[in-house]
Amino acid sequence: MGPVERQGIAAQGDIINDVAGALLVIGFFTPDYRALATRFAQNLSHHNIGYHLYAAPALDWSKAILLKPSIAMRALTQYPSRVIVLMDIDCIVRFPIHKIVDGSFDVRLRIELRRSNKGRHEAIASSRVIVFRQGAIRFVQRWQRLCETSSSTNCNDETLLMEVVAESYGTSITMLPLSFAGIEIDRISDDAAIVHEGVHNTTQFAYTFKKQLKRIRRSAIERITGRPYRRRISITDDQE
């Protein structure tokens with residue numbers, strides 16, 4: 001048994017490695033995803049990054065994602081001297097991330113434009129990677145209340161997060177650089193520090209079949225047009 005697991009058992013199921021430093025990466029996992037959380041912890045340890053991954057009870061995925069602000073609030077209370085970096089455990093850290101805390105802000109996140117089913121663009125606040133300082137406590141508390149009280153099936157943690165962003169007067173919110181935003185590994189350039197490789201439902205036949213169809217369709221479009229289906233995002237796009 002490795003040191004990560006020993007520390008996790010000592011913390012009643014949490015996986016912890018409190019390396020000294022300005023930042024602390026946090027996340028959470030349900031019992032089915034402990035192996036993934038352990039892999040993420042090993043990835044962070046490789047880069048000498050401190051972390052606290054909280055063990056959560058077994059929940060449906062749609063309910064589990066609503067735990068994010070509660071987990072962030074626990075960490076802000078438990079580690080008042082640290083900058084808290086909330087991160088999905090299916091992210092991969094490839095390079096040092098200490099610069100993620102540079103600058104003056106309370107909250108640092110990424111706002112993305114996504115095309116809706118009706119063809120319109122919608123602004124969505126990504127919860128994949130968010131950085132919090134102590135000045136973010138009221139922001140996180142409001143997000144937590146919305147996640148705990150929302151009864152709409154159309155709401156998830158990110159739509160509720162965007163609502164908080166839009167109404168958080170007095171909170172200093174800055175944009176997360178692309179290098180740290182946890183963009184899908186096949187969409188971002190190789191020099192990005194944090195990437196995302198989603199595993200949700202990847203073992204289900206329907207999901208795998210759908211992904212294969214997308215690859216075939218994109219390959220056909222590339223052969224017809226002679227151009228890449230979609231340009232990979234470069235982290236230098238932040239400077240354009």
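In the predicted model, Lys-68 and Asp-157 form a salt bridge, with 3.6 Å between the closest N and O atoms. This pair joins distant parts of the chain. Lys-68 lies in helix α4, Asp-157 lies in helix α6 (residues 157–167), and 89 residues separate the two. Both Lys-68 and Asp-157 are buried. The pair also belongs to a network of salt bridges that links Lys-68, Asp-88 and Asp-157.

In total, the structure holds six salt bridges. Side chains of opposite charge can pair when their charged atoms come close. One of the six salt bridges joins the side chains of Asp-18 and Arg-82, at an N to O distance of 2.7 Å.

Glu-163 is in helix α6, and Arg-142 is in helix α5 (residues 137–149). The two are 21 residues apart, and the pair again links distant parts of the chain. Glu-163 is partly exposed, with a relative accessible area of 34%. Arg-142 is partly exposed as well, at 24%.

The largest nonpolar core has 34 residues. Within this core, Val-25, Met-87, Ile-97, Ile-100 and Ile-194 touch the most other members. Both helix and strand elements give two or more residues to the core: β2, α2 (34–46), β3 (51–55), β4, β5 (91–93), β7 (121–132) and β10 (194–196). Helix α2 supplies the largest share, five residues.

Met-87 illustrates the contacts in this region. With neighbours within four places in sequence left aside, Met-87 is in contact with Val-25, Ile-26, Gly-27, Phe-40, Val-93, Ile-97, Arg-128, Val-129 and Ile-194. Among these contacts, Val-25, Ile-97 and Ile-194 are also listed with Met-87 as the core residues that touch the most other members.

Definitions and conventions. Residues are numbered from 1 along each chain as its sequence is written. This is a predicted model: local features need pLDDT of at least 70, side-chain atom pairs count only at pLDDT 80 or more; totals for chains, interfaces and linings use all residues. Side-chain values use heavy atoms; hydrogens and water are left out. A salt bridge is a side-chain nitrogen of Lys or Arg within 4 Å of a carboxyl oxygen of Asp or Glu. Helices (H or I, at least four residues) and strands (E, at least two) are DSSP runs, numbered from the N terminus. Buried means under 20% relative accessible area, exposed over 50%, partly exposed in between (1.4 Å probe, protein chains only). A nonpolar core is a set of buried Ala, Val, Leu, Ile, Met, Phe, Trp, Tyr and Cys residues joined through side-chain atoms within 4.5 Å. Contact means heavy atoms within 4.5 Å.
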